Amino acid sequence: MSDTGPANPVIPGFHPDPSICRIGGDYYLACSSFEYFPGVPLFHSRDLVHWTQIGNALDRPSQLRLPADVPSSAGIYAPTLRHHDGRFWLIVTDVQEGGGNLIVTATDPAGPWSDPVRLPGVPGIDPDLAWDEDGTCWCTVAGVSQVRIDPYTGKTYGPLRKTWSGAPGDKAPEAPHLYRISDYWYLLIAVGGTERGHGVAVARSRRPDGPFEPCPANPILTHRSTDHPVQNTGHADLVQAPDGSWWMVLLGVRPRGGTPGWHVLGRETFLAPVTWVDGWPVVGEVAVDLSDLPWPLVPGPDEERRDDFDENALRPAWISVRDRPAEYCTTEERPGWLTLRARDGDLDAPGAVFTGRRQQHLSCRARTLVDPSEGRGGLAVRLDERHHYAVEASGTEVRVVARVGPLRTVVATHPVPDGPVVLGVTVTDPPPPQGPCTGPDVVSLGFEQPDGTFTVLATLDGRYLSTEVAGGFTGRVIGVYAAAGTVHFDWFDYEPLKP
Ligand code: 6LW
């Protein structure tokens with residue numbers, strides 16, 4: 001995202017559980033995707049701060065099928081991305097019944113990725129892959145446990161053995177990554193759970209399978225019990241920068257709006273410096289400003305603000321709830337338009353037809369031109385099926401709908417002339433001081449009049465679309481949906497706004 005400049009978070013928006021891999025001057029990074037399809041977004045960078053999405057590892061039904069009853073925040077968890085033996089390896093967990101851990105490989109991380117090799121003998125989330133000098137492949141999972149595997153077949157050798165699980169009493173030892181760095185094997189893990197108590201701990205051994213000696217300074221990173229603007233820091237992966245210095249990518253959140261704070265963009269990817277003291281990694285500040293990096297910056301292409309739906313395939317940033325069969329979501333039915341066909345009612349329904357992109361900026365604006373002549377649908381800010389705000393059109397009416405937990409209400413309606421109409425959403429952080437909302441941000445929803453003026457129909461408190469209210473592991477996604485019949489969208493604009 002070159003418009004964010006060299007700043008943390010380096011990949012803003014719902015991009016948790018980052019795993020990173022370096023090949024010469026190129027860096028690749030993968031994140032979790034939960035109930036969205038395609039799964040596991042993949043990014044490329046040459047400087048660790050400018051990242052461009054190049055694809056999604058699980059982008060066809062032969063790799064990923066998320067059934068209609070898969071709950072929000074289930075689905076695809078916590079990948080590890082590595083390069084070994086001339087190819088990229090990605091191991092990840094599908095937490096559905098019958099899913100489990102799976103490996104896909106590719107020679108080009110932009111894809112195509114292989115069909116999955118499944119690992120029925122390796123239970124547990126957050127799988128990691130590491131190879132030792134003789135080619136033995138170690139798979140380590142949350143808990144923390146480890147087993148030798150054949151990554152080409154998924155076969156396991158020997159029992160799953162407990163390795164090192166943090167200090168006694170550490171909650172949720174998870175997100176393991178195992179590395180050979182100079183004379184030691186390092187086991188980096190997350191502790192404390194992915195909420196405010198989150199942290200990173202490390203142990204080392206002369207062997208990949210331990211016994212592990214814990215770092216006396218554990219946790220080597222945590223923001224628990226601080227008022228740092230970035231909270232929940234943990235789930236890290238180590239990497240060397242172009243100048244040879246060490247860094248980690250990790251997840252963190254930005255609670256806003258006072259105490260206790262609400263974070264609305266999900267868990268985002270941050271970058272933090274690492275130095276080595278007495279053979280232990282020491283983590284520096286998770287600084288917001290990264291403009292003083294001692295290596296050349298290589299900004300990627302500017303993101304296009306408008307998507308005209310002129311190409312056959314949607315750009316990789318577009319994600320749909322659970323699946324995207326062409327029958328329900330296509331750019332081919334009406335060329336130059338995205339056509340959505342309702343399957344199972346509104347955004348609240350398990351089979352909702354919604355496709356969108358992650359909200360990546362604290363303040364932003366999205367617009368779409370919708371033709372509702374054959375159905376009902378519109379533009380929504382979605383956290384999950386129980387938490388979303390939407391502006392939709394049908395016939396000669398637009399309306400704003402709010403769903404917060406068990407409550408669903410039509411907040412406003414307005415007549416419009418027959419024909420296509422521009423719907424819009426603006427997210428403003430912080431909320432205007434004189435306004436009625438005191439949460440982290442406000443979400444304004446409305447439509448454009450025929451003379452081009454924008455009419456706001458409702459201004460809603462953003463806290464209700466936050467993880468602190470809704471729970472879960474995802475973040476906001478802004479996109480289009482069909483709730484009844486067939487709905488066509490000519491274009492979709494997403495634009496960051498200055499606070
Ligand atoms: C993931 C676990 C975690 O599997 O949250 O922050 C879970 N860490 O490691 C879902 O992202």
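**Core, domains and ligand shell**

Apart from residues up to four places away in sequence, Y481 touches L340, L347, A352, V353, F354, G377, G378 and A380; two residues are in contact if their C-beta atoms, placed from the backbone, lie within 7 Å. The structure is a predicted model, in which local features need pLDDT of at least 70 and side-chain atom pairs count only at pLDDT 80 or more, whereas totals for chains, interfaces and linings use all residues. Residues are numbered from 1 along each chain as its sequence is written.

Y481 is, together with L90 and L187, one of the residues with the most contacts inside the largest nonpolar core, which has 133 residues. Such a core is a set of buried Ala, Val, Leu, Ile, Met, Phe, Trp, Tyr and Cys residues joined through C-beta atoms within 7 Å. A residue is buried if 20 or more other C-beta atoms lie within 10 Å of its own, exposed if 12 or fewer, and partly exposed in between, with C-beta atoms placed from the backbone. Strand 36 (residues 477-496) gives the most to this core, with 10 residues; strands (E, at least two residues) and helices (H or I, at least four) are DSSP runs numbered from the N terminus. Because domain 1 (2-283) and domain 2 (306-496) both give residues to the core, it lies between them. In soluble globular proteins, nonpolar side chains tend to be buried together.

The protein chain is divided into these two domains, 2-283 and 306-496, with bounds from an automatic or database domain assignment. Their C-alpha centres lie 31 Å apart. The contact between them takes 29 residues from domain 1 and 34 residues from domain 2. On the side of domain 1 that touches domain 2, strand 3 (36-37) and strand 5 (52-58) each supply at least two residues, and strand 5 gives the most, with four. This side divides into 15 nonpolar, nine polar and five charged residues. Here Ala, Val, Leu, Ile, Met, Phe, Trp, Tyr, Cys and Pro count as nonpolar, Asp, Glu, Lys and Arg as charged, and the others, Gly among them, as polar.

At residues 306-495, UniProt places the feature "domain: Beta-xylosidase C-terminal Concanavalin A-like" in an unreviewed entry; UniProt annotations may be inferred rather than shown by experiment, and positions follow the numbering used here, with feature names shortened. Over residues 306-495 the chain is 2% helix and 54% strand, and the end C-alpha atoms are 8 Å apart.

Around the ligand there are 15 residues, of which Y77, A78, A175, T194 and H235 come nearest; a residue is near a molecule or strand if its C-beta atom, placed from the backbone, lies within 6 Å of it. Strand 6 (76-84), strand 14 (174-181) and strand 19 (231-240) each supply at least two residues of this shell. The shell consists of eight nonpolar, four polar and three charged residues.

F14 is placed in the segment before strand 1 (19-23) and counts as buried, with 28 C-beta neighbours inside 10 Å. Beyond its neighbours within four places in sequence, F14 is in contact with L265, G266, R358, T474 and G475.

Most residues other than glycine have a negative phi, and most peptide bonds are trans. The bond from N8 to P9 is cis, with omega near -5 degrees, and a cis bond also joins N218 and P219, with omega about -5 degrees. D126 has a positive phi near 60 degrees and lies in the loop between strand 9 (117-118) and strand 10 (128-131). F309 has a positive phi of about 55 degrees and is buried, with 22 other C-beta atoms within 10 Å.
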